[in-house]
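This report describes selected strand pairings, aromatic contacts and surface features. The structure is shown first, and the description follows.

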Amino acid sequence: MTNILDYVKWRGDLPFSRDPMNPVDTLVFSALSYIRYMGAESASFTLRDAAQTVFAQPEPLSHARVKQDLELLELAADSVRFGMSRLCLYREKFSTQLETQFAAMTFLLDDGSMVLAFRGTDSTLVGWKEDFNMTFQQTIPAQLLAAEYTRMAAAEIDRPMHLMGHSKGGNLAVFAAARSSPMVQSRILDVWNHDGPGFTKYLMGDPGYLAMVPKISTYIPQSSVIGMLLEHEEPYTIIRSREVSILQHELYTWEVMGRSFIHMENTTVDSRFLDATIKTWFASMTNQERNQLVDVMYALLASGKVEKSNDIFQLKNLRTYVKTISSDESLRKLLSTEFQGLIEAAKHARGQFQQKQELPEGKEEK
């Protein structure tokens, strides 16, 4: 099935001045935000020139999240539609101490508008820790940086704005729009959240957020896990992915038809069951307990030689985790208690699904 790579090949000959922004375009820009662009902090380049700089590096893949990002960059840079857009105001911040992973960039389009694209979670352990902090903190550093970035971009460049991102980047786009001044909000054409998590309940009644809800488009795959987390006020559109379960979060698995995604009527039963389980589990804990659990798990993972999330499952690190847990009785007790809480939450969710005569796959009643 076709994805955004095929879309760029098909639609890349039409500039935005002839064919306006569509949902698939916004996922393309969200994916391009995962690339680390050198020199764009203080200058403006066409995407074509920026791509040449990336591919001139000794290891281009080290500037991308996955190899498909580089494939997309090459295709987009060679296209009329994306290649001549100008990349500017590139900002990036990473801090282990502040548990912050943030990046944003602006693309100036030939139709007179601009795209503010916010990077989602990268492969660093710090990036994932900041995501989990959302479960107990009203705001995380990346959200505040996104709001400040939007204020700065609006002041620097007087154009209508599209805000967008994938995963955490989608969350940042929504937060930045919600926390913008009424004057800046009037310039925001739309906000695109691609399978990004929601927020704790405090933001649901925020006037700035409620004012932006009509402009927010949220897309989730049919087995969404990440995009269903926490609270959303805005409706979401369900789209088809060729993968299963959590693997559907990968944006290159989302199926495209023409200028749109392939839509589905509902999320899968498994997705709804997992969402109900996690929400019940979170509701059973105080913010302090969530904070403690996240900090303990982060400390445990950091006890190995882990910088990237892929390092977690290396054998030497797994051995370190086992050794750490075995030697720390308080840690064992905490993990046991929270694991039991998760089991109870799953039982509660299962009971609700039984009442609806709806059960996850592989869990049919005998």
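## Strand pairing around β7

Pro221 stands opposite Ile239 in β8. This contact belongs to the pairing of β7 with β8, which is parallel and comprises four bridges; strands are DSSP runs of E with at least two residues, helices are runs of H or I with at least four, and both are numbered from the N terminus. Two strands are taken to pair if DSSP finds at least two bridges between them.

Strand β6 (residues 188–194) is likewise joined to β7 by four bridges, and the two run parallel. Strand β7 (residues 216–221) has five of its six residues buried, so the rest of the structure largely encloses it. Buried denotes under 20% relative accessible area, exposed over 50%, and partly exposed the range in between, with a 1.4 Å probe and protein chains only.

## Basis of the model

The model is predicted: local features require pLDDT of at least 70 and side-chain atom pairs pLDDT 80 or more, while totals for chains, interfaces and linings use all residues. Residues are numbered from 1 along each chain as its sequence is written, and side-chain values use heavy atoms, leaving out hydrogens and water.

## Aromatic contacts

Rings of Phe, Tyr and Trp (its six-membered ring) pair if their centres lie within 6.5 Å; planes under 30 degrees apart are stacked, those over 60 edge-to-face, and the rest tilted. By this rule there are 13 aromatic pairs. One of them is the edge-to-face pair of Tyr37 and Tyr90, with 6.1 Å centre to centre and 85 degrees between the planes. Because Tyr37 lies in the loop between α2 (23–32) and β1 (45–46) and Tyr90 in strand β2 (residues 86–95), the pair ties together parts 53 residues apart in sequence. Tyr37 is buried at 2% relative accessibility, and Tyr90 is buried at 1%.

Phe16, Phe29, Phe82 and Phe107 form one aromatic cluster. The charged end of Arg81 sits over the ring of Phe16, 4.0 Å from its centre. Arg65 lies over the face of Tyr34, at 4.4 Å from the ring centre. Such an arrangement requires NZ of Lys or CZ of Arg within 6 Å of the ring centre and within 35 degrees of the ring normal.

## A nonpolar surface patch

Val244, Ile246 and Leu247 form a nonpolar surface patch with about 270 Å² of accessible area together. Areas follow the Shrake-Rupley method with a 1.4 Å probe; for residues, only the protein chains shown count as cover. Patch residues have over 30% relative accessible area and no salt bridge; nonpolar side chains (Val, Leu, Ile, Met, Phe, Trp, Tyr) are joined within 5 Å, like charges within 9 Å. A salt bridge is a side-chain nitrogen of Lys or Arg within 4 Å of a carboxyl oxygen of Asp or Glu.

Val244 is found in the loop between β8 (236–239) and β9 (256–257). Val244 is exposed, with a relative accessible area of 54%.
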